[in-house]
Amino acid sequence: MPTKIELIVDNQDDNDALDAQWPGLLQLARALPGLERLESGRVWPKEDGSPTPAHRSLLLYFPGYDAASAAVSGPEGGAFFQAFLPAVSGGVTALFTDIEEG
């Protein structure tokens with residue numbers, strides 16, 4: 001089954017600092033072996049002026065769970081997460097998802 005790794009990045013103390021690092025983080029993510037597709041997005045502000053529920057999301061698509069697991073446990077995954085986790089010091093939720101429709 002196709003697998004998606006979804007990284008939901010919480011609002012940061014300094015969103016602009018994370019945004020400045022984002023292109024380099026995407027470059028590292030694109031180097032993950034087996035990656036079929038990558039989606040990156042910034043959360044729109046709410047119309048009522050209240051804070052967004054998160055700042056960014058990063059979706060990484062793989063042909064299956066084994067490929068996704070291998071990608072994040074190999075050297076390229078290590079390089080990505082060693083850069084990514086300190087950059088998102090405001091918090092992140094990571095999900096491995098079995099894609100049922102798409």
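Mentor: Buried means under 20% relative accessible area, exposed means over 50%, and partly exposed is in between. Keep in mind that this is a predicted model. With that cut-off, the buried residues of H3 are Gly77, Phe80, Phe84 and Ala87.

Trainee: What covers the buried residues of H3?

Mentor: The cover includes S1, H1, S3, H2 and S4. As for the helix itself, H3 has 13 residues and spans 19 Å from its first C-alpha to its last, close to the expected 18 Å.

Trainee: How should I describe the packing of two helices?

Mentor: Two packed helices are described by the angle between their axes and the distance between the axes. Here, the axes of H2 (residues 65–73) and H3 (residues 75–87) come within 4 Å and cross at roughly 65°.

Trainee: Which residues of H2 and H3 meet?

Mentor: From H2 they are Ala71, Val72 and Ser73, and from H3 they are Pro75, Glu76, Gly77, Gly78 and Phe81. Sorted by class, this contact has four nonpolar, three polar and one charged residues.

Trainee: Now the sheet. In what order do the strands stand?

Mentor: The sheet is open, with four strands in the order S2-S3-S1-S4 and antiparallel pairing. S2 (37–42) and S4 (92–98) are at the edges with a single partner strand each, so one side of each has no neighbour in the sheet. On average, neighbouring strands are turned by 15° against each other, direction ignored.

Trainee: How many bridges join S2 to S3?

Mentor: Six bridges join S2 to S3 (residues 56–62), and the two strands run antiparallel. One of the pairs to look up is Leu38 with its bridge partner Leu60 in S3. H1 lies across S1, S2 and S3, at about 5° to S3.

Trainee: Take Leu18 in helix H1. Is Leu18 buried or exposed?

Mentor: Leu18 counts as buried because its relative accessibility is 1%, and the cut-off for buried is under 20%. Leaving aside neighbours within four places in sequence, Leu18 is in contact with Val9, Gln12, Leu25, His55, Ala87 and Val88.

Trainee: Where is Asp10 found?

Mentor: Asp10 is in the loop between S1 (3–9) and H1 (15–30). With a relative accessible area of 28%, Asp10 is partly exposed. Not counting residues up to four places away in sequence, Asp10 touches Ala54, His55, Gly90, Gly91 and Val92. Sequence distance and spatial distance should be read separately: Asp10 and Pro53 are 43 residues apart in sequence and 7.2 Å apart in space, C-alpha to C-alpha.

Trainee: And charged side chains?

Mentor: Side chains of opposite charge can pair when their charged atoms come close. This structure holds four salt bridges. One of them joins Asp19 and Arg56 at 2.9 Å, N to O. Asp19 lies in H1 and Arg56 in S3, so the pair ties together parts that are 37 residues apart in sequence. Both Asp19 and Arg56 are buried.

Trainee: Which residue forms a salt bridge with Glu39?

Mentor: Arg37 does, with the closest N and O atoms 2.5 Å apart. Glu39 is partly exposed at 30% relative accessible area, and Arg37 is partly exposed at 43%. Salt bridges that share partners also join Asp19, Arg42 and Arg56 into one network.

Terms used. Residues are numbered from 1 along each chain as its sequence is written. This is a predicted model: local features need pLDDT of at least 70, side-chain atom pairs count only at pLDDT 80 or more; totals for chains, interfaces and linings use all residues. Side-chain values use heavy atoms; hydrogens and water are left out. Axes are lines fitted to C-alpha atoms, for helices over the stretch in contact, and angles run from 0 to 180 degrees between N-to-C directions. Contact means heavy atoms within 4.5 Å. Ala, Val, Leu, Ile, Met, Phe, Trp, Tyr, Cys and Pro count as nonpolar, Asp, Glu, Lys and Arg as charged, and the others, Gly among them, as polar. Buried means under 20% relative accessible area, exposed over 50%, partly exposed in between (1.4 Å probe, protein chains only). Two strands pair if DSSP finds at least two bridges between them. The expected span of a helix is 1.5 Å times one less than its number of residues. A salt bridge is a side-chain nitrogen of Lys or Arg within 4 Å of a carboxyl oxygen of Asp or Glu.
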